[in-house]
Structures are given as structure tokens and as C-alpha cells.
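Please look through the sequence and the model shown here before reading on, and keep both at hand.

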Amino acid sequence: MQIKFSAEPAGDAVAYLAYEGDKGVEFAADLDKPAEAAMRRAIAAGSFKGGAGQVVEILAPEWSDASRVMIVGVGKKTAVSELGWQKAAATLVKRLLTSGAKSLSIVGAPDRGVAANLAFGARLAGYRFDQYRLNLKTDKKPTLASVSVVTDSAAGARSDYAPLSAKAEGVELARNLVSEPPNVLHPESYAERIEELSELGLEIEVLDVAAMTKLGMGSLVGVGQGSVRGSRLVVLKWMGGKDKKAAPVALIGKGVTFDTGGISLKPGPGMQDMKGDMGGSAAVVGAMMAIAKRKAKANVVGLVGLVENMPDGNAQRPGDIVRAAAGKTIEIQNTDAEGRLVLCDVLWYAQKKFNPKAMVDLATLTGAIIVSLGNEHAGIFSNSDDLVAKLTAAGKAEGEPIWRLPLGPGYDKQIDSEVADMRNIGNAGNAGSITAAQFLQRFVDEGRAWAHLDIAGTAWKPGNDNPLEPTWATGWGVRILDRFIADNYED
């Protein structure tokens with residue numbers, strides 16, 4: 001979708017921003033008398049109050065050259081956030097995407113920053129993953145090709161939009177990766193796609209099975225040993241800070257490109273969604289793309305462990321004991337608790353290779369987090385109050401909220417094993433998200449700031465009603481990570 005900034009409205013559809021006021025609806029832009037009178041008649045005919053997300057549509061008005069005029073509410077004038085402006089534009093785009101309208105102008109941006117956020121919201125809402133839908137009916141095909149935001153400062157708005165455009169590209173990349181079918185996106189092909197990002201200035205390192213085995217990564221390698229596709233660990237390095245040798249922030253992602261559960265086979269219904277079990281890695285890759293495209297003045301490394309968890313004669317078994325690179329042994333009690341087995345070796349490598357000042361890992365790790373938080377919040381577990389505060393603020397600003405859950409010795413005891421250093425699932429059958437986080441914490445060096453985000457409920461959302469997101473793959477994590485770096489670690 002083409003995003004533009006212009007001085008005057010033009011196009012098939014023109015939308016006006018309106019506030020919810022104590023004395024009625026207040027328009028954000030000056031209108032001539034015939035237009036305002038007509039729009040107020042339309043408002044009076046319905047229940048439109050200017051509330052966030054409310055829309056009035058007028059077809060073929062005589063007083064406008066546009067084929068349709070729309071009014072979208074943004075809420076109280078003094079309470080509209082960046083996210084509120086984004087959602088207003090997204091609501092319009094979602095409504096018009098397959099309507100037959102080819103172009104939209106949005107009128108009423110009070111300043112260049114708002115104009116940029118309107119454009120960002122429109123861009124996110126215009127996303128579609130249609131590359132395998134070869135015979136779409138005409139009424140299902142997108143028609144909206146361009147969105148123009150009307151502003152007195154087009155040049156300034158374009159400047160403000162540039163970093164948001166980079167972030168949108170990262171979100172779109174993450175959505176594409178999560179949506180790809182597992183016969184197309186597997187560890188080997190995924191690593192190749194990441195290598196293409198080197199053209200942005202990212203330094204890419206790929207470790208294959210032989211290299212990881214030499215390093216002692218028996219935990220990660222064991223997960224993928226039942227697949228014909230070789231596992232990979234991929235590092236994306238961006239050293240954009242003033243001091244190129246300063247310790248970076250490490251962003252770490254689980255990349256299980258398809259999860260059958262292994263020998264502990266998942267039920268058949270819904271298994272097709274397990275192509276999205278690499279959502280944490282997609283968030284990291286998308287965030288690294290955004291960071292590189294906007295040339296962030298920060299040192300950041302992204303690390304993703306890519307595996308396919310398949311049942312096979314060579315697959316890992318319940319009862320196996322594997323040795324992780326950190327020199328700790330793990331009793332495999334359930335091969336479907338594989339994400340933590342991948343992440344523990346990647347956490348070790350991140351610390352050994354980069355000595356990061358902080359680590360944040362993201363993973364579609366447990367179904368238990370969906371039971372706890374549904375699809376509204378991701379869960380966060382951490383050994384650092386400061387890191388939690390920074391990530392919480394970033395998530396709130398970006399519309400990717402998180403909720404902190406506890407860690408503690410009482411939960412830690414659940415993963416003690418009688419035959420190894422630990423087991424990969426809790427022995428009580430409860431607090432599944434917490435015991436998974438406790439497992440990961442055992443691989444974090446003493447004194448290292450670390451946070452774990454369980455995004456199983458947010459990486460993909462069936463029946464999604466957020467206008468900024470598509471129905472399935474959301475690209476969740478790119479925005480919070482990009483904001484987290486921008487607000488806290490840039491020179």
C-alpha cells in the first residue's frame with residue numbers, strides 16, 4: 001500500500017477525524033458550511049459520538065467530489081495517544097480495504113507527528129498475506145492502493161514517518177514469516193532468508209548442526225534430530241552505538257518452524273497452527289530489520305534458534321537425558337516442551353559470545369500462558385525490576401501489553417530431577433508458564449539482567465478485532481522490542 005502526505009484531500013474516499021466533546025462532536029479540521037451541515041445530519045441520524053473507533057459513512061454526497069465521505073472518532077481531544085491515532089487510521093483502512101475504493105485521504109491531523117502516526121496505522125492495517133491465494137474472488141481482493149494523510153507539513157511528516165515505516169517493514173516481515181507454510185519455511189530456508197538482511201548492514205552468522213554440536217549444544221540439537229531439516233542458530237548483529245565495542249543488548253527468539261510435539265505427539269486438531277511456533281524468532285528478526293533500517297544508534301544482537309520438532313526413528317524420546325552447552329544435564333520428560341530446550345543453548349551462546357548488558361527472549365512457549373492471560377497480554381518473567389519497567393512502558397506505548405508473573409524457589413523445585421540436573425517440565429502439572437521460565441532462568445548468569453516474554457497468546461490471534469493487526473499472524477514483539485531499544489539504549 002502506498003503511503004503519501006499531501007496538502008489537499010483527493011481520492012475515492014475522504015475521511016475526517018472527529019473528537020468526542022462534552023457539547024457534541026467536534027471536527028478536527030475546518031469545514032465549509034455545506035459539508036459540516038451534511039455531516040452533522042449524518043451524525044444525528046445515528047449514535048456517533050466521536051468515540052474511538054466509531055465511523056459514519058456517507059455515500060456519493062453531492063457536496064463532495066469523493067464517492068464516499070467518512071467520519072472517524074478518535075475519542076476525547078486531550079486523551080488521544082499515538083496508538084489512538086494509529087487505530088483511527090487502521091479502522092478506516094480495514095473498512096475500505098476490499099470496498100472498491102482505490103484511494104483514501106485522511107483529513108484533520110493537528111500536527112506532523114500525528115500525521116506520521118496516522119500513516120503508520122494505515123500501513124499496518126493494509127497488510128495482507130495473499131501470495132498463496134491464487135484464485136481470489138473479485139469481491140475478496142484488496143482494492144485500496146493508497147492512503148494520503150493531509151497535513152500542512154508534508155516534509156516534516158515524511159521525516160517523522162521514516163522510523164515508523166522501518167518499524168512497519170519489520171512487523172510485516174514478522175507476519176510473513178509466521179504465515180509461511182512449514183514446507184516453505186524450515187530451519188534451512190529460514191536461515192537463508194535471514195542472511196538476505198545483510199544488505200541492510202546487519203552482520204549475519206549461521207551455525208549449523210556440526211558447529212553447534214562442537215560447541216556442546218546438545219539441548220538444541222536434540223530437539224531437531226528427528227527432522228530431515230538441519231537445525232540452525234542464526235545471529236544478527238547491529239553495532240550502531242558510538243562505542244562499537246560496548247556490550248550490546250541481546251534479543252533472543254524461539255524458532256520452532258513446525259512443532260508436532262515430537263514423540264509426545266500433539267492432538268491432530270489445530271496442529272496446523274504449529275507453523276507459527278517460531279513467532280518469537282520472527283519478532284526478533286523483524287525488530288532487527290527495523291533497527292537496521294532506521295540505523296539505530298545502539299549495539300544490539302539478535303539470536304534465533306531454528307529447529308523442526310518431528311517424530312522419527314531418530315527423534316528424541318521421553319526419558320532421554322541431554323547435556324546443554326552450559327554443562328547442565330536435562331531429563332526429557334515430554335518432547336513437546338521443546339522451546340525451552342532450544343532457548344537454553346541460545347541463552348548460553350549469547351552470554352558466552354557477547355556478554356550482553358541485558359537479554360530479552362521471546363517465545364510461543366506455553367499454552368498455559370493463554371489460560372492465564374488469553375490473547376490480550378503476553379506474560380513477562382524477569383530477574384530485573386528495571387527491565388520489566390522498561391519493557392512494560394514500551395509495550396503500553398506500542399499496543400503490545402505485557403503482564404508480569406512470578407518466579408521463585410517454590411516453583412523451581414518442580415523441575416528438579418532424580419536422574420539429571422533438571423527435567424524439562426514441572427512435576428506438579430501446574431504453573432506451566434512459570435516452571436518454563438524457571439527452567440530458562442537456570443541458564444542465566446548470576447547478575448545478568450534478563451526477561452522472558454511468553455507470547456503464545458499474542459503471536460497469532462484467531463478472530464482478531466484489533467484494526468492494526470490481521471486475523472492470524474500479528475507480528476507481535478517487533479514494536480515492543482524496537483521501542484524498548486529506542487527509548488533506553490540509543491546514544
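This is a predicted model: local features need pLDDT of at least 70, side-chain atom pairs count only at pLDDT 80 or more; totals for chains, interfaces and linings use all residues.

Residues are numbered from 1 along each chain as its sequence is written, and side-chain values use heavy atoms, with hydrogens and water left out.

Of the 11 residues of β10, 11 are buried, so the strand is largely enclosed by the rest of the structure; buried here means under 20% relative accessible area, exposed over 50%, and partly exposed in between, with a 1.4 Å probe and protein chains only. Strand β10 runs parallel to β11 (residues 299–309), and 10 bridges join the two, pairing being assigned if DSSP finds at least two bridges between two strands. Within this pairing, D259 has N309 of β11 as its bridge partner. Between the two strands the chain passes through helix α8 (residues 279–293), and the resulting β-α-β crossover is right-handed, a term that applies if, with the strands pointing away from the viewer, the path from the first strand over the helix to the second runs clockwise. Strand β10 also pairs in the parallel sense with β14 (residues 358–363), over 5 bridges, and there I252 has D361 as its bridge partner.

The loop between α4 (154–179) and α5 (187–195) holds H186, which is buried at a relative accessible area of 9%. Leaving aside neighbours within four places in sequence, H186 is in contact with R229 and T257, contact meaning heavy atoms within 4.5 Å.

In helix α7 (residues 218–224) lies L220, which counts as buried at 0% relative accessibility.

Most residues other than glycine have a negative phi. N355, however, has a positive phi of about 45°; it lies in the loop between α9 (339–354) and β14 and is partly exposed, with a relative accessible area of 49%. A431 likewise has a positive phi, of about 50°, and lies in the loop between β17 (422–423) and α13 (432–441), where it counts as partly exposed at 28% relative accessibility.

Methods
Helices (H or I, at least four residues) and strands (E, at least two) are DSSP runs, numbered from the N terminus.
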